[in-house]
Structure formats: C-alpha cells, structure tokens
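Have the sequence and the 3D view open as you read.

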Amino acid sequence: MFRVGLTGGIGSGKSAAAECFRELGIHVVDADWAARVVVQPGKPALEKIAQHFGAGILLENGELNRAQLRSLIFEDTEERAWLEGLLHPLIREEILSSLEQSPSQYAILESPLLIESSQYQLVDRICVVDLPENLQVERATARDNNREEQIRKIMAAQLGRQERLDKADDVLDNSAGLAELRGQVELLHQKYLQMAATTKHN
Ligand code: ATP
C-alpha cells in the first residue's frame with residue numbers, strides 16, 4: 001500500500017486537506033484518532049495508566065482525564081517518557097493496522113507530529129500543508145477561540161515552518177481559499193495514483 005503522510009503546523013489546514021482527499025475516495029488515517037483509540041476504556045493501556053498515576057486520572061465515566069494527564073506530564077520529563085514509551089508503540093500499531101485496511105488505491109496518514117515523531121517512517125512520502133505563520137495564528141485563533149499566546153506556545157513546540165518544508169516531498173500552499181486547496185489536492189491525487197500504481201511494497 002502506497003502511503004502519504006500529511007502534516008503541517010497548527011491551523012495550517014491539515015483537516016481541510018484531508019477532507020479533500022476523502023472526497024476523492026482516499027482512505028485517511030488520523031494519528032490523533034489512533035492516539036485516542038489506544039486509551040479507550042477496556043484497553044490495556046488505560047489500565048496501566050490508572051495503575052501508574054492512580055485511579056484519579058480517570059473521569060467518572062471511566063474515560064481518561066486527558067487534561068489532567070497533560071498537566072501531570074507537562075513539566076515532568078520522566079513521567080512523559082514513561083507515557084510515551086507505553087503509548088507510542090500502540091499508536092503505531094493502530095495506525096499501521098488502519099493503513100493496511102485501506103480500500104483505496106493509496107492511503108493518507110494525517111498527523112500533526114509526523115516529522116517530529118517517528119511516524120514519518122510509516123509513509124512513502126511527506127506532504128506538507130504550508131501557511132505563513134501569521135495566517136496560521138489567525139485561523140487557529142478564529143477556529144478554537146484560543147488566545148494568540150496559547151497558539152504561539154504550541155507553534156514553538158512544533159517544528160518551524162522552514163524545517164518542515166525542508167522535509168517535504170510535496171507542498172500544499174493553503175494561503176488562498178478552500179477552492180484553491182481542493183485544486184492542488186486534485187493534482188497531487190493524480191500524481192499519487194500514478195505512484196501507487198508503480199510502487200511495489202514487499
Ligand atoms: P490543527 O493542527 O490545529 O488540528 P489543522 O492543520 O487541521 O489544524 P484546519 O482545522 O484544517 O487545520 O484549519 C484551521 C482553520 O482554518 C479551520 O477553521 C479551517 O476551516 C480554516 N481553513 C482551512 N483552510 C482554509 C482556507 N484555505 N481558507 C480559509 N480558511 C481555511
């Protein structure tokens with residue numbers, strides 16, 4: 001299965017681009033979705049997290065209290081390393097199994113941290129959704145009602161624009177409207193269909 005990783009900074013338009021690929025019938029695996037699936041109630045990882053941090057890390061309905069977990073590991077590198085050691089292999093497995101079940105000619109892995117994490121190893125190509133940083137802030141702020149300061153903090157923790165572009169095989173320039181984005185996705189889609197037809201995976 002030919003796989004393309006779709007990434008970009010916060011508010012760049014990954015979800016919008018992923019939606020365009022979906023409209024063209026392409027299977028999209030969302031890395032954030034995979035990260036939620038592995039800690040659903042009943043999954044062994046959730047039990048291990050509850051044993052490690054105490055049952056207080058669970059909400060009343062038995063789900064993971066993500067906000068609390070985030071604040072617990074925010075400044076504690078040891079705890080964060082423990083959690084990542086537990087979850088990263090499981091997320092990877094979840095992503096791989098979903099990619100393998102793809103019914104379309106190729107598959108997309110949408111991930112905000114594709115390059116920062118080892119997830120880029122799961123794909124054949126990297127497609128970056130690119131946006132000037134001021135527009136990134138503008139769109140992310142409008143969408144989430146987030147304070148600009150918070151968006152900038154998240155951006156600082158992500159790869160810089162140029163570093164991300166340096167890793168790109170393909171770039172979607174999302175500085176214009178959604179119709180322009182759709183047009184660029186359609187062109188890439190044709191290219192990926194050809195690549196998928198000629199790429200042999202062992
Ligand atoms: P995040 O990493 O935060 O999940 P994202 O990269 O998935 O963000 P989107 O949610 O797709 O980004 O887009 C951010 C916001 O910008 C959304 O409100 C979306 O509707 C809007 N948007 C995306 N592309 C465009 C565009 N070309 N023109 C105008 N608005 C856009």
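## Ground rules

A polar contact here is a pair of N or O atoms within 3.5 Å; within protein, one must be able to donate a hydrogen and the other to accept it, and residues adjacent in sequence count only if both atoms are side-chain atoms. With that in mind, a polar backbone atom of Ala176 lies 2.8 Å from a nitrogen atom of the ligand.

This is a predicted model, in which local features need pLDDT of at least 70 and side-chain atom pairs count only at pLDDT 80 or more, while totals for chains, interfaces and linings use all residues. Residues are numbered from 1 along each chain as its sequence is written, and side-chain values use heavy atoms, with hydrogens and water left out.

## Contacts with the ligand

An N or O atom in the side chain of Lys14 is 2.6 Å from a ligand oxygen, and Ala16 brings a backbone N or O atom to 3.0 Å from a ligand oxygen. On its own the ligand has 630 Å² of accessible area, and the protein covers 74% of this. Such areas come from the Shrake-Rupley method with a 1.4 Å probe; for residues, only the protein chains shown count as cover.

## The shell around it

How many residues surround the ligand? There are 14, and the closest are Lys14, Ser15, Arg143, Asn174 and Ala176; a residue counts as near if one of its heavy atoms lies within 4 Å. By class, the shell has seven polar, four nonpolar and three charged residues. In this scheme Ala, Val, Leu, Ile, Met, Phe, Trp, Tyr, Cys and Pro are nonpolar, Asp, Glu, Lys and Arg are charged, and the others, Gly among them, are polar.

Which helix gives the most to the shell? The answer is α1, with three residues. Both α1 (14-23) and α6 (133-144) supply at least two shell residues each. Helices (H or I, at least four residues) and strands (E, at least two) are DSSP runs, numbered from the N terminus.

Is Arg3 buried or exposed? Arg3, in strand β1, counts as buried because its relative accessibility is 15%, and buried means under 20%, exposed over 50% and partly exposed in between (1.4 Å probe, protein chains only). Arg3 is 173 residues from Ala176 in sequence, and their C-alpha atoms are 26 Å apart in space.

The loop between β1 (2-7) and α1 holds Ser12. Ser12 is buried, with a relative accessible area of 1%, and its side chain reaches the backbone oxygen of Gly9 at 2.8 Å.

## Further along the chain

Ile126 sits in strand β4 (residues 125-130) and is buried at 11% relative accessibility. Its C-alpha atom is 5.3 Å from that of Asp169, 43 residues apart along the chain.

Back at helix α6, Asp144 is partly exposed, at 33% relative accessibility. The side chain of Asp144 makes a polar contact of 2.7 Å with the side chain of Arg143, which is one of the closest residues to the ligand. Asp144 and Gly11 are 133 residues apart along the chain, with 9.6 Å between their C-alpha atoms.

Finally, Tyr192 belongs to helix α9 (residues 178-198) and is buried, with a relative accessible area of 0%. Tyr192 and Val4 are 188 residues apart along the chain, yet 8.3 Å separates their C-alpha atoms.
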